[in-house]
Amino acid sequence: MNNELWANLYLQEHAIINGHNVWHYLVDSSIGQINIVQAEDKDLMIHETITYNNYDKAEKLFKKRCQEMLNGKYL
């Protein structure tokens with residue numbers, strides 16, 4: 001049995017909307033996949049949501065944050 005732990009970080013998606021960033025990162029690791037969605041609010045504070053082993057949910061959240069920014073609701 002191999003006891004080595006490993007992790008790789010990938011930027012899946014990035015958008016800049018009205019000068020504010022939204023990111024979707026994937027951490028692929030020996031213990032599973034971790035998705036991180038980060039978004040800047042009007043004060044440039046970064047808010048993040050982390051999901052485990054659910055890429056589709058993270059992808060939908062990224063698109064939702066982008067749409068909220070386009071609609072002026074998140075900023």
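Biologist: Over how many bridges do E2 and strand E3 (residues 32–40) pair in the antiparallel sense?
Modeller: In this predicted model, residues are numbered from 1 along each chain as its sequence is written, and local features need pLDDT of at least 70, with side-chain atom pairs counting only at pLDDT 80 or more, while totals for chains, interfaces and linings use all residues. Side-chain values use heavy atoms, leaving out hydrogens and water. Strands (E, at least two residues) and helices (H or I, at least four) are DSSP runs numbered from the N terminus, and two strands pair if DSSP finds at least two bridges between them. For E2 and E3, antiparallel in sense, the number of bridges is 8.

Biologist: Which residue in E3 is the bridge partner of Ser-29?
Modeller: E2 and E3 form a hairpin with 2 residues between them. The bridge partner of Ser-29 in E3 is Gly-32.

Biologist: What positive phi does Asn-18 have in the turn between E1 and E2?
Modeller: Strand E1 (residues 7–17) pairs with E2 in the antiparallel sense over 10 bridges, and among the residues involved, Ala-15 has Val-22 in E2 as its bridge partner. The two strands form a hairpin with 2 residues between them, and the positive phi of Asn-18 in the turn is about 50°.

Biologist: Why is strand E2 (residues 20–29) described as largely enclosed by the rest of the structure?
Modeller: Buried means under 20% relative accessible area, exposed over 50%, and partly exposed in between, with a 1.4 Å probe and protein chains only. E2 is largely enclosed because the number of its 10 residues that are buried is 8.

Biologist: What is the order of the strands in the open sheet?
Modeller: E3 and E4 run antiparallel and are joined by 7 bridges, with Val-37 partnered by Thr-49 in E4. The open sheet of 4 strands has antiparallel pairing, in the order E1-E2-E3-E4. Each edge strand pairs on one side only, and these edge strands are E1 and strand E4 (46–52).

Biologist: At about what angle does helix H1 (residues 55–70) run to E2?
Modeller: Axes are lines fitted to C-alpha atoms, for helices over the stretch in contact (heavy atoms within 4.5 Å). Angles run from 0 to 180 degrees between N-to-C directions. Helix H1 lies across E1, E2, E3 and E4, and its angle to E2 is about 175°.

Biologist: With which side chain does the side chain of Asn-35 make a polar contact?
Modeller: Asn-35 is found in strand E3 and is buried, with a relative accessible area of 0%. Not counting residues up to four places away in sequence, Asn-35 touches residues including Tyr-25, Thr-49, Asn-54 and Tyr-55. A polar contact is a pair of N or O atoms within 3.5 Å; within protein, one must be able to donate a hydrogen and the other to accept it, and residues adjacent in sequence count only if both atoms are side-chain atoms. At 2.9 Å, the side-chain partner of Asn-35 is His-24.

Biologist: Which residue forms a salt bridge with Arg-65?
Modeller: A salt bridge is a side-chain nitrogen of Lys or Arg within 4 Å of a carboxyl oxygen of Asp or Glu, and the structure holds 1. Arg-65 and Glu-68 both lie in helix H1, 3 residues apart, about one turn of the helix, and both are buried. With the closest N and O atoms 2.9 Å apart, the partner of Arg-65 is Glu-68.
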